[in-house]
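Dear colleague,

Here is the structure I promised to hand over, and below it you will find notes on what came out of it. Please read them alongside the model.

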Amino acid sequence: MIGIQWIIFIGVAVVSWLVQLNLQNKFKKYSKIPTNNGMTGREVAQKMLYDNGIYDVQVTCTPGHLTDHYNPANKTVNLSESVYNSNSVMAAAVAAHECGHAVQHACAYGPLQMRSALVPVVSFASQWVTWVILAGILLINSFPSILLAGIILFALTTLFSFVTLPVEINASKRALVWLSSSGITNSYNHDKAEDALRSAAYTYVVAALGSLATLIYYIMIFMGRRE
């Protein structure tokens, strides 16, 4: 059983590292290719919001690298400094993707609403799941219900990972359609924007599959506790 655990953890870690490395390389590569009209990430974000009739979402600059995100709680599109001020294809793609979430929010996109509803529960689960799982494994023969509780908590985080997938993929689709129709990208650089967003999506896929594999492992421990 220990061997299976290490295979899962090492395999997921290696694949995650490769996917992140690929994303970093794509970011550097496509950050050197300018957009047709020289619009910065901030300008691209504002235009996409206005083109979709959204005027109550603020575009802000947030510290860090690849820290871009949309916050539905305060309706802000938060772009990292390298995206906010850059006029590259990569910046345009990332900015449009985050605005894709704002569009989802405006039109009450189902998976986004489900993910938002799960945030408080998953936040609680994430704080305690490691300790509950550890205690459950150590006390599995005496108090198996502890491990079962840990599995339930971990299952919630796994569910969140899978609910995130359609949210991210749909936001990228919305972004790519708008980038092309608005003329931000053209036949020369549109495939670069698409490749960049595809690479970013892979990180969510790997995270979801890794979480599922780990969940299955914990279930195997619980089911085989008396063997």
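Helices (H or I, at least four residues) and strands (E, at least two) are taken here as DSSP runs, numbered from the N terminus. This is a predicted model, in which local features need pLDDT of at least 70 and side-chain atom pairs count only at pLDDT 80 or more, while totals for chains, interfaces and linings use all residues. Residues are numbered from 1 along each chain as its sequence is written, and side-chain values use heavy atoms, with hydrogens and water left out.

The protein has seven helices and three strands, which follow one another from the N terminus as α-α-β-β-β-α-α-α-α-α. Its C-alpha trace spans about 65 × 35 × 25 Å along the principal axes.

Of the 26 residues in its lining, Asp-68, His-69, Glu-98, Glu-168 and Tyr-204 are the closest to the centre. Helix H7 gives the most to this lining, with six residues.

His-190 belongs to that helix, H7 (residues 190–223); among its contacts (heavy atoms within 4.5 Å) beyond four places in sequence are Leu-176, Ser-180 and Thr-185.

With best regards

Notes: On a 1 Å grid over the protein atoms alone, a cavity is a set of points where a 1.4 Å probe fits but cannot get out, and a pocket is an open set with protein on both sides within 12 Å along at least five of seven lines; lining residues have an atom within 4 Å of a point.
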